[in-house]
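Please keep the sequence and the model open while reading.

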Amino acid sequence: MSAPFDLVLADGTRVPLAAEVTLGRDRNSTLVLSDPSVSRRHARISAGDGAGPLVEDAGSSHGTFLDGVRVRGPARLHDGAHLRLGDTELVVERRRGPDEAGRTVVVPAGAGLPGGETSRPRLRSGYALKRLEAAEGSRRWVLKDLTDGSFLRLESADAELLELLDGSRSPAELLGEAERRFGDGGPARLARLLADLGERGLLEGVEGSRPAEAPPRWYARALKPRVKVIDGAGEVFEAVYRDGGWRLFTPPALVAIAVLAAIGVGVFAYLVGARYGTPFVVASKVGLGGLVFILGRFAVVAVHELAHGLTMESYGRHVERAGVKLLLVFPYAFVDTSQAWFEPRRRRIAISAAGPVSDATLGAVFSLVCLVLEPGTVRDICFQLAFAAYVGACFNLNPFLDRDGYHILVDVLRAPGLRRRAREQFARRLSGEGRADDSRVFARYSLFGLAWSCFAGLFVAATTLRYRPTLEAMAPELIVWTLLVAVWAAVFAPVAFVLRPAIAARRG
């Protein structure tokens, strides 16, 4: 037996499709549509054979259309189906249980809203709201500002209060309703919600009141990426997926990619151990090797972002923004995957993991090619490309940077704001102000992060020592050691940055 369906009208009215429903201008129709373009007996919907309701045109003048295609006979309706009868648009929705994710409600900017006085709080247009599945935890509602793309996670009680902000109630009436629904804590919850919405500029007639940020320092301005959004990039991703990219998401292709990526890690480890190549060196030239590595990183990043975009398309999410960022003089591609917030946790993890998986897959391909080649320039180039791919995979999987690995870990642990909350707790404990309710998850995350940073610093220090003979042939020993120490200081700087304030507070 299929799940029950509703027919949703433009004003939000829901008509259950439990039995036969006739549609038309005839007053005896189950659903009377007062639209001159609709025939007296326009269409009928039957319960079908248990696999879902069926729609059939009843000899109308202008026809009945399902998802843009004219209905010529009984046609199966599905969740999210769009029906057009004349000029009237209807939507079919499956009824969802309280534990399931709901459909995304989108109110475009400038959309008409019920009239109301300016003193009556009203959510402005230009937002999207969706309920995620119950496994997401208490903050399972996602509110997206379509103006700036920012997101706000809400609890179910907040989402219920959000529905009251239609401009029909005064503040006093809202407070009374909040208290009636949620008891003594209702007014405080409403006040927090209004303050948060007002601060983000999501209330009609209220400008965002986020505190003005201090002008960035010169180095912050220099490190701020310059962004160039490419118009029509979303259509490119859609076309690539439609014209063959979808094959990468078939079960055989996914298994092949997983096997290839796993084999590649072992092959690359063998190449490093057997000294098939040296990082940043091609044909015994450091400069040429560095250039090949940089160009390889650009190519790997482009494929990395393509993988994110195609995975979004595989889940029916359109890529809204993509382009190029310029950091100092280094360009790299980017794809906005913020729409993934509207997907279940498993899909969000898949979208985040797609980039690192593409890095590992490219690294595997170049490693295998390098393994079968004879010594020479071509093998050196393949080694640099494999090295560039694995550097990208390690960088993006690092759970202590705001990259793919971190977002995967946040979803696995169901711990939004993990870095900030763990950093705050770690600083308190280092300064001797730990609390009994401190989280073990945050503590372990902080310790692993510190250990990872130390390990990465030691690895870089050990790797740079391999280049000391080459560098000493190019410059005096004092300059070489000064350069190496500067590199070591740079890689250990994050550790000092984390520890210094807490240690200073403890001494004070």
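The notes below go from the basis of the model to its sheets, its cores and a helix.

This is a predicted model: local features need pLDDT of at least 70, side-chain atom pairs count only at pLDDT 80 or more, and totals for chains, interfaces and linings use all residues. Residues are numbered from 1 along each chain as its sequence is written, and side-chain values use heavy atoms, with hydrogens and water left out.

**Open sheet**
- An open sheet is formed by 6 strands, in the order β2-β1-β11-β10-β7-β8, with antiparallel pairing.
- Strands here are DSSP E runs of at least two residues, and helices are H or I runs of at least four, numbered from the N terminus.
- Two strands count as paired if DSSP finds at least two bridges between them.
- β2 (14-16) and β8 (69-70) are the edge strands, each pairing on one side only.
- Strand β1 (residues 5-8) runs antiparallel to β11 (residues 88-94), joined by 4 bridges.
- V8 stands opposite V91 in β11.

**Strand β5 and its partners**
- β5 (residues 43-46) runs antiparallel to β3 (residues 21-24), with 3 bridges between them.
- T22 has R44 in β5 as its bridge partner.
- β5 is also joined to β6 (residues 54-57) by 4 bridges, again antiparallel.
- A43 has D57 in β6 as its bridge partner.
- A43 and I45 make up the covered face of β5, while R44 and S46 lie on the uncovered one.
- In a regular strand the side chains alternate between the two faces of the sheet.

**Nonpolar cores**
- A nonpolar core is a set of buried Ala, Val, Leu, Ile, Met, Phe, Trp, Tyr and Cys residues joined through side-chain atoms within 4.5 Å.
- Buried means under 20% relative accessible area, exposed over 50%, and partly exposed in between (1.4 Å probe, protein chains only).
- The largest core has 22 residues, and L7, L23, I45 and L83 have the most contacts inside it.
- β1, β3, β5, β10 (82-85) and β11 each give two or more residues to this core.
- A second, separate core has 19 residues, including L152, A159, L164 and L165.
- Contact means heavy atoms within 4.5 Å.
- Leaving out residues up to four places away in sequence, L7 touches residues including L23, I45, L83 and V91.

**Helix α6**
- α6 (residues 251-273) has 23 residues and reaches 34 Å from its first C-alpha to its last, close to the expected 33 Å.
- The expected span is 1.5 Å times one less than the number of residues.
- Its buried residues are A253, A261, G264, V267, F268 and L271.
- These buried residues of α6 pack against α8 (345-372) and α9 (377-397).
- R275 follows α6 and has a positive phi, near 55°.
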